[in-house]
Amino acid sequence: MSKFTEINVRSASSQALSAREQSRMAKRQAVLSTAAQLFNERGFHATSLDDIAARLGVSKPTLYYYVKSKDQILLECVRQGLEMTLEGIEVSRQAGGTALDQLEACMRVYARIVTMDFGMCLIRVGDEQLPPESRKALRRMKAQIDLAFRRLVEAGVQQGLLAPCDPKMTAFMIGGALSWIGKWYDSGGAYSPDEISEQAVRTLLQGVLLRESAT
């Protein structure tokens with residue numbers, strides 16, 4: 001049974017949309033998810049539409065009912081990775097607490113998302129392969145992630161919870177370190193995404209130097 005057939009069965013019970021529209025949306029998402037997995041495994045250029053169709057268990061012409069091109073697939077994959085990140089950061093900020101509480105929560109969210117298919121695709125493939133206009137739009141979204149970290153760092157310093165620093169540089173360091181997880185993460189590795197997230201946040205916030213206990 002192909003993934004599309006399985007999706008048809010699951011979509012039949014949905015009442016929110018027509019059965020046809022629900023099925024089409026689910027199948028299109030399956031195309032994007034499968035493409036993201038292959039882009040992460042093989043790279044964008046080394047992945048063809050034939051590869052995506054084969055992984056899904058459908059014919060290549062079938063894909064054109066859901067997507068126009070491989071470039072469009074990449075655009076949607078990267079966009080979803082960015083939207084997931086921005087939504088996760090906003091939820092973390094809305095949960096309240098001190099600037100440090102919010103910063104830790106946002107860092108955990110980001111570290112977790114870059115171990116997921118779309119988040120990993122955002123990091124491993126990026127937007128360099130996209131047309132200029134699409135690239136600009138996505139980079140504006142990326143800038144929102146950096147700005148969110150920057151504001152939280154600045155607030156943390158003002159609240160006396162973080163050491164004085166350059167918020168811009170610190171936000172770059174945090175974002176860069178967490179993004180790199182998406183480069184080396186292996187789902188079959190020794191550490192779970194939650195373990196990686198916890199260790200990354202602890203290392204970035206507490207450092208690696210041994211400190212003497214206060215007396």
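Figure 1. Glu-154 is found in helix α8, in a model that is predicted. With a relative accessible area of 39%, Glu-154 counts as partly exposed.

Figure 2. The secondary structure of the chain comes to 10 helices and 0 strands, and the C-alpha atoms fill a box of roughly 70 × 40 × 40 Å when the box is taken along the principal axes. Of the 215 residues in the chain, 39% are buried, and among the contacts with a separation of 6 or more, 65% are accounted for by residues 24 or more positions apart. The accessible surface comes to about 12100 Å², with 53% of that area belonging to carbon and sulfur atoms. As for charge, the chain carries 27 positive and 24 negative side chains, and the centres of these two sets are 6 Å apart.

**Figure 3. Helix α7 and the helices that pack against its buried residues.** Helix α7, which spans residues 117–124, is mostly covered, since 6 of its 8 residues are buried under the cut-off of 20% relative accessible area. The buried residues in α7 are Phe-118, Gly-119, Met-120, Cys-121, Leu-122 and Ile-123. Around them, the packing partners are α2 (19–42), α5 (70–94), α6 (99–113), α8 (132–158) and α9 (167–184). Gly-126 follows α7 and has a positive phi, near 70°.

**Figure 4. Pro-131 in the loop between α7 and α8.** Pro-131 lies in the loop that runs between α7 and α8, and, with a relative accessible area of 41%, Pro-131 is partly exposed.

**Figure 5. The pairing of helices α6 and α9.** Two packed helices are described by the angle between their axes together with the distance between those axes. For α6 and α9, the axes come within 9 Å and cross at roughly 30°. Because angles under 35 degrees count as roughly parallel, α6 is roughly parallel to α9. On the side of α6, the residues that take part are Leu-103, Met-107, Tyr-110 and Ala-111, and they meet Ile-174, Gly-175, Leu-178, Ser-179 and Ile-181 in α9.

**Figure 6. Asp-146, a buried acidic residue in helix α8.** Asp-146 is found in helix α8, and at 16% relative accessibility Asp-146 counts as buried, because the limit for that class is under 20%. When neighbours within four places in sequence are left aside, Asp-146 is in contact with Ala-171 and Phe-172.

Figure 7. Thr-85 lies in helix α5, where Thr-85 is buried with a relative accessible area of 0%. Leaving aside neighbours within four places in sequence, the residues in contact with Thr-85 are Tyr-110, Ile-113 and Ile-145. One of these, Tyr-110, is also among the α6 residues that meet α9.

Technical notes: Residues are numbered from 1 along each chain as its sequence is written. This is a predicted model: local features need pLDDT of at least 70, side-chain atom pairs count only at pLDDT 80 or more; totals for chains, interfaces and linings use all residues. Side-chain values use heavy atoms; hydrogens and water are left out. Helices (H or I, at least four residues) and strands (E, at least two) are DSSP runs, numbered from the N terminus. Buried means under 20% relative accessible area, exposed over 50%, partly exposed in between (1.4 Å probe, protein chains only). Contact means heavy atoms within 4.5 Å. Accessible areas come from the Shrake-Rupley method with a 1.4 Å probe; for residues, only the protein chains shown count as cover. Lys and Arg count as positive and Asp and Glu as negative; His and the chain ends are not counted. The place of a charge is taken as NZ of Lys, CZ of Arg, CG of Asp or CD of Glu. Axes are lines fitted to C-alpha atoms, for helices over the stretch in contact, and angles run from 0 to 180 degrees between N-to-C directions. Angles under 35 degrees count as roughly parallel, over 145 as roughly antiparallel, 65 to 115 as roughly perpendicular and the rest as oblique.
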